[in-house]
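Look at the sequence and the fold together, and keep both in view while reading.

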Amino acid sequence: MVGPRAWIGGIFNRSSNKRLGSDKYLNYPLTPHQEQSLHGLQERLGVPFDEAHLDHQEALRDLWNAAFPNVKLKSLISEQWKDMGWQGANPSTDFRGCGFISLENLLYFATRYPACFHRLLFKQSGLRATWEYPFAVAGINVTFMLIQMLDLFSEKPKCLPGLNFVKLIGEDDEAFDVLYCIAFAMMDAQWLAMRASYMEFNNVLQATRMQLERELSLDDIQRIEDLPAFNLI
């Protein structure tokens, strides 16, 4: 089921980051590579989705082909997109809420972890609700949630999960994209555990955020693969 456009990013303004309480953590130094990786990610956040941009059009086609390899997409504006959980025939209107990175995240998920991607897309595991969450729009909300949770619009994150994430991205430039895949899979697991339905999606996303914050606050996380939820993908 696909709902109103206000559904996109609905959780984004409902939560606030928990700031670290000590100045010694707020003023932590970054290594040159950590700083470079963080700035590179922040630059990605600033790229809007442009339906007239050929690279963006190609990425959208690639997403369709990864999701439905045996089904030909008739047009970039097509009712077929609703089969992936977009709110209308033109997915570019949904991407405007979070920019090009939300498409990059979905495409990365589809190509790097295709089995998990398709399991979630086709709702293949667990006892599903009558009114399921729309897959693609849920993906945009996951991107929103991560950006806020990690405090990525600040010069340097000022929350413990964000601080620890900077260490991860300093070791792996794809850490944000992998974390997105973990978060999406975790969200679906929370959905099933809570026996949620369409109108409870924001509660599920909030529970997902809280679990991710706990895992990113663990002392022994040195790599993105060390997160306990990594095994979900």
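How many disulfides does the structure hold? It holds zero, where a disulfide is a pair of cysteine sulfur atoms within 2.5 Å. This is a predicted model, in which local features need pLDDT of at least 70 and side-chain atom pairs count only at pLDDT 80 or more, while totals for chains, interfaces and linings use all residues. Residues are numbered from 1 along each chain as its sequence is written, and side-chain values use heavy atoms, with hydrogens and water left out.

The cysteine sulfur closest to that of Cys116 belongs to Cys181, and at 7.5 Å it is too far for a bond. Cys116 counts as buried, at 3% relative accessibility; buried means under 20% relative accessible area, exposed over 50%, and partly exposed in between (1.4 Å probe, protein chains only). Cys181 is buried too, with a relative accessible area of 0%.

Now turn to the helices. Helices (H or I, at least four residues) and strands (E, at least two) are DSSP runs, numbered from the N terminus. The expected span of a helix is 1.5 Å times one less than its number of residues. Helix H3 (residues 54-67) has 14 residues and reaches 20 Å from its first C-alpha to its last, close to the 20 Å expected. Among its buried residues are Leu60, Leu63 and Trp64. The cover over the buried residues of H3 includes helix H4 (92-95), H5 and helix H6 (114-121), contact meaning heavy atoms within 4.5 Å.

Helix H10 (residues 201-216) has 16 residues that should span 22 Å, and its end C-alpha atoms are 22 Å apart, which agrees. Its buried residues include Phe201, Val204, Leu205 and Leu212. Helix H7 (135-149), helix H8 (160-171) and helix H9 (175-193) are among what covers the buried residues of H10.

How do two helices meet? The axes of helix H2 (residues 32-45) and helix H5 (residues 100-112) come within 7 Å and cross at roughly 110 degrees. Axes are lines fitted to C-alpha atoms, for helices over the stretch in contact, and angles run from 0 to 180 degrees between N-to-C directions. H2 and H5 are therefore roughly perpendicular to each other, a label for angles of 65 to 115 degrees; under 35 counts as roughly parallel, over 145 as roughly antiparallel and the rest as oblique. Leu41, Arg44 and Leu45 of H2 make the contact with Ile101, Glu104 and Asn105 of H5.

Lys123 has a positive phi of about 50 degrees although it is not a glycine, and Lys123 is buried at 17%. Arg195, in the loop between H9 and H10, is exposed at 76%.
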